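Subject: Structure for you to look at

Hello,

Here is the structure I said I would pass on. Please open it first, then read the notes below with it on screen.

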Amino acid sequence: MTKGVSYVPYATTGTGTSKAGMNSSNPVGMPAWARELVEVSCTHTPTTIASVKVEQNKLSIESNDVDVNPTEIVIQPQQAFKSDTTGDAMVAKTEKYQLHIPLQGGEDMYFYATPMITGMTADLMGCTYIVSDRKEGRHRYAKTGTATSTGTTATVTVDGTAYNIHGSEEICEAYGTLVHVTPVTATTHIGYMWLTSSDFLVSDTLNIPPQWPASCTLTTHYAIPYNARPITRYPVAYPTKTTCTIVDHYKSTLVTTSAAYWTTALFFYKAGMM
Amino acid sequence: MSTKEVIGILYAVEASLGTGTTKTQINAAKSLVLPAWARSVVAVRPIYGLGTAVTEAESCWIEAFVESDDVAVQPFSMQCTPILSALTDNSADIDTIIPEWETYPINAPINGGEELKIWGQCGVANTAAPYLAMAVIVSNQPPTYKQLYGKTGTLTASAVATGEQAGTPYTIGGATNIKEVYGMVASTTVVTDISTSGYFKLTSNDFIDTKIPVKYGFAPIPGTDGTMTNGCPAYLKQARYKLEVQTNSQCTITDSIYFDTVNTTAGYWRTGLFFER
């Protein structure tokens, strides 16, 4: 058995939400011996520390040679911090995302970084991928929701933007984030997210409890509200119709005077695809 | 033909545990109803945090409980990884660092429709009220593994001394096998330049093979640099250890902590375990 790891050189994102191509927007050729792209993980950091900014990007993978559509993944956010005169930042745990994309060897793949929240500082994001000479798991497709503001009113349900998955058979993982954009002294956001769809073959909503962003107290210099693992992940087995329209929702118990952003995302199997 | 597996996530809605040490039922003091299609409670994940920043010289200790009049899940209590206190200098800036949440397997068989009651209790009173919610993972399949039960020891104040300190014995009933142990320490007040490290020890005359050692390191607490305006040594993740220790059906366990290094203020420590019946 042969398993290799390689790195896709970083892309620099802008301050909007435009897609930026890694590897200078050039394709990344898979090794001739590779029979599966097993998993990916991304590391990212702003070019310069910008006071109070969160950085949340999604990775998307495209190819003309392999059916990877859709593969878009929320990457662990670098969390916002509170600063008066100076500031630090902390990098969250690097998440690994299993994909099990089947290969023949030699295919070209394109890797992109896309900011999910407007107004973030330019970010450098690269991707590490692992390939294997054998098939190790069922191919997982990936779709993200839209990063949505929590608003600043507690106990109100906020509906997200509906998103679709096509050819779906089953949702195999649900995950999400709840991040400060601008931390507010001595308070935080506490709430939960859930998915609804008339195309789920299970009668219940799919809950995605996020890790609540940490709070901090600032008087003079800086303080870091930090979560060791700001992205929360739940392996599930949620059968769906082949075309599945999903609406995500958020409801808070605590809010601050500065709205946070919440995002849901999922991995799914396609019917007939192994 | 076997039924295709469905795994879903239920949510016991967050509730404030208050600023005392009262055991509080979350989910608006209502039971969590399991879906009619569910045939096992696979695992739970306590979800917790502070509504405001951690207060200097306080650590947040939350114990979570899963109880039921319908399902034989008790005892099932879990000590959540503490949110450690912070050091402030003259600037009163306080970081808060929330550790990674843990997921605890239960593997309880159910018929569907039963009710669970989820509770939280703070081990020490906090100026900033913590909040607790719970993700409950269920499946439409019977459990794959044997059911687990959870018990914690007594939250014990630590003395400022290296060496061994004894805890309070605790008993697990109807037990056959301890499958996992864990433990954690938190200083009450962060101290500059001194870390806290060491290990826990569990002993019992009710371990079938008393030669099996149960000694395990705890996630250390680093010191801080006193020249900084603030410091928040943090646990990022709990240290958990899987093992197989067969026991008598009534098993009384004595826990103790051994400090290799200890800072100059007292704190608290607690052990916990998961066992089979």
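In β10(B), which residue is the bridge partner of Thr24(B)? The partner is Gly120(B). Before going further, a word on conventions.

This is a predicted model, in which local features need pLDDT of at least 70 and side-chain atom pairs count only at pLDDT 80 or more, while totals for chains, interfaces and linings use all residues. Residues are numbered from 1 along each chain as its sequence is written, chains are lettered from A and ligands numbered from 1 in the order in which they are written, and side-chain values use heavy atoms, with hydrogens and water left out.

Chain B and its strand β10

Chain B has 0 helices and 22 strands (DSSP runs numbered from the N terminus: helices are H or I with at least four residues, strands are E with at least two). Of its 277 residues, 58% count as buried (buried is under 20% relative accessible area, exposed over 50%, partly exposed in between, with a 1.4 Å probe and protein chains only). Take the contacts in chain B between residues at least 6 apart in sequence: 86% of them join residues at least 24 apart (contact means heavy atoms within 4.5 Å).

Strand β10 of chain B covers residues 115–122. Its covered face holds Leu116(B), Ile118(B), Gly120(B) and Cys122(B); on the uncovered face are Glu115(B), Lys117(B), Trp119(B) and Gln121(B). Strand β2 (residues 24–25) of chain B pairs with β10(B) in the antiparallel sense over 2 bridges (two strands pair if DSSP finds at least two bridges between them). Strand β3 (residues 32–33) of chain B also pairs with β10(B) in the antiparallel sense, over 2 bridges, and there Val33(B) has Glu115(B) as its bridge partner. With strand β5 (residues 62–67) of chain B, the antiparallel pairing runs over 6 bridges, and Ile62(B) stands opposite Cys122(B).

Where the two chains meet

At the interface, 48 residues of chain A are in contact with 39 residues of chain B. The size of an interface is often given as the accessible area lost when the parts come together. Here the buried area is about 3,300 Å², and carbon and sulfur atoms give 56% of it (the accessible area, 1.4 Å probe, that two parts lose on being put together, summed over both).

Across this interface, 14 residue pairs are in polar contact, both at pLDDT 80 or more (a pair of N or O atoms within 3.5 Å; within protein, one must be able to donate a hydrogen and the other to accept it, and residues adjacent in sequence count only if both atoms are side-chain atoms). On the side of chain A that touches chain B, β20(A) gives the most, with 8 residues. By class, that side has 25 nonpolar, 16 polar and 7 charged residues (Ala, Val, Leu, Ile, Met, Phe, Trp, Tyr, Cys and Pro count as nonpolar, Asp, Glu, Lys and Arg as charged, and the others, Gly among them, as polar). Strand β19(A) and strand β8 (residues 96–98) of chain B run parallel, joined by 3 bridges, with Pro225(A) opposite Thr96(B).

There are 4 salt bridges between the chains (a side-chain nitrogen of Lys or Arg within 4 Å of a carboxyl oxygen of Asp or Glu). In one of them, the closest N and O atoms of Lys4(B) and Glu169(A) are 3.9 Å apart. Lys4(B) lies in the segment before β1 (7–16) of chain B and Glu169(A) in strand β15 of chain A, so the pair joins two chains. Lys4(B) is partly exposed at 43%, and Glu169(A) is partly exposed at 22%.

Two buried residues of chain A

Glu173(A) is in strand β15 of chain A and is buried, with a relative accessible area of 7%. Its side chain makes a polar contact of 2.6 Å with that of Arg233(A). Both Glu173(A) and Arg233(A) belong to a network of salt bridges that includes Glu100(B).

His44(A) lies in strand β4 (residues 36–46) of chain A and is buried at 8% relative accessibility. Its side chain has a polar contact of 2.6 Å with the side chain of Asp123(A), and a polar atom of the His44(A) side chain lies 2.7 Å from the backbone oxygen of Gln76(A).

Regards
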